[in-house]
Amino acid sequence: MMSVPSAAAVAALLLPLLMAVADPSDESCLLNLRNSLEDPANSLRKWTNSTLASPCNGFTSYLVGVTCNNGRIYKLSLPARSLGGSISPFLSNCTNLQTLDLSSNSLTGPIPAELSSLLNLAILNLSSNHLSGQIPPQLSFCAYLNVIDLHSNELSGPIPDQFGLLVRLSVFDVSYNRLEGPIPVLLSNRTGLPRFNASSFVGNKELYGYPLPPMKGRGLSVLAIVGIGLGSGMISLVLSFTAVCIWLRITEQNSASAGGVMNDDDGKISHAMPDY
């Protein structure tokens with residue numbers, strides 16, 4: 001009589017097969033990223049259609065830069081690979097991703113706002129590229145972010161105020177970009193102490209506020225405004241003084257003329273009066 005296999009035995013047989021089937025979201029994520037990148041050093045030569053169809057084998061992956069956990073991609077790390085091109089917005093399909101490191105490459109274009117769909121993301125390092133455009137405020141939806149490193153790019157516009165609400169954020173670096181405007185208060189200060197020091201913000205000519213030192217240009221502008229006010233006051237004072245002097249001069253001349261007439265009349269009257 002044939003024995004019926006237990007549920008545990010069936011699960012043990014099926015588990016490798018289930019793990020061999022790629023998550024379609026992860027496959028789409030990597031395939032679109034590969035198509036958006038330029039790879040002159042051929043670092044991604046193993047990222048072929050067949051390998052991308054099954055990027056994870058349980059906890060391992062044969063793809064360079066890819067780390068898996070229970071059959072899903074949870075880490076994508078490709079620093080210093082001489083990669084060009086742009087960041088695919090379809091990276092948002094890697095919904096289990098916790099680490100994204102594309103630093104020290106030659107990537108261009110914007111940071112996709114779609115990365116905000118990576119709700120498990122804890123580390124975002126896109127530093128030392130040629131990324132441009134504004135920093136998407138939607139990244140604040142990634143509430144588990146511990147690290148945001150965007151230094152040495154060509155990013156412009158303001159630092160999103162919403163980043164101050166990322167309470168887990170322990171590393172934040174946007175230095176050496178083209179950012180402008182005030183540093184959000186919640187990033188520069190927490191309970192009276194600096195949350196991030198000046199090194200996180202230096203190298204942005206139009207960025208200002210604590211913990212950066214006062215901008216010389218803005219100090220000169222204030223002095224110029226004060227100088228203009230004082231100058232205007234002095235001009236008004238000089239004009240007022242000149243007007244008073246002219247008025248006094250005219251009054252003096254009028255008084256002198258009136259006095260001369262009275263003297264002449266007195267002389268005529270005295271000559272007309274008889275002697276007693």
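**Strand pairing and a salt-bridge network**

Strand β6 is joined to strand β8 (residues 130-134) by two bridges, and the two strands run parallel. In this predicted model, threonine 108 lies opposite histidine 130 of β8. The pairing belongs to an open sheet of five strands, arranged in the order β6-β8-β10-β12-β13 with parallel pairing. The edge positions are taken by β6 (108-109) and β13 (206-208); each has a single partner strand, so one side of each remains without a neighbour in the sheet. In general, the strands of a sheet pair through backbone hydrogen bonds, in either a parallel or an antiparallel manner.

Attention now turns to the salt bridges. Two salt bridges were identified in the model, and they link Asp23, Asp26 and Arg72 in a network. In one of them, the side chains of arginine 72 and aspartate 23 meet with an N to O distance of 3.6 Å. This pair connects distant parts of the chain, as arginine 72 belongs to strand β3 (residues 72-77) and aspartate 23 to the loop between α1 (7-20) and α2 (24-36), 49 residues apart. Aspartate 23 is partly exposed, with a relative accessible area of 21%, whereas arginine 72 is buried, at 15%, because its value falls under the 20% limit for burial.

A salt bridge is also formed between the side chains of aspartate 26 and arginine 72, at 2.8 Å from N to O.

Note on methods. Residues numbered from 1 in each chain as written. Predicted model: local features only at pLDDT ≥ 70, side-chain atom pairs only at ≥ 80, totals over all residues. Heavy atoms only, no water. Salt bridge = Lys/Arg side-chain N within 4 Å of Asp/Glu carboxyl O. Helix = DSSP H or I, 4+ residues; strand = E, 2+ residues; numbered from the N terminus. Buried < 20%, exposed > 50% of the residue type's maximum accessible area, 1.4 Å probe, protein only. Pairing = 2+ DSSP bridges.
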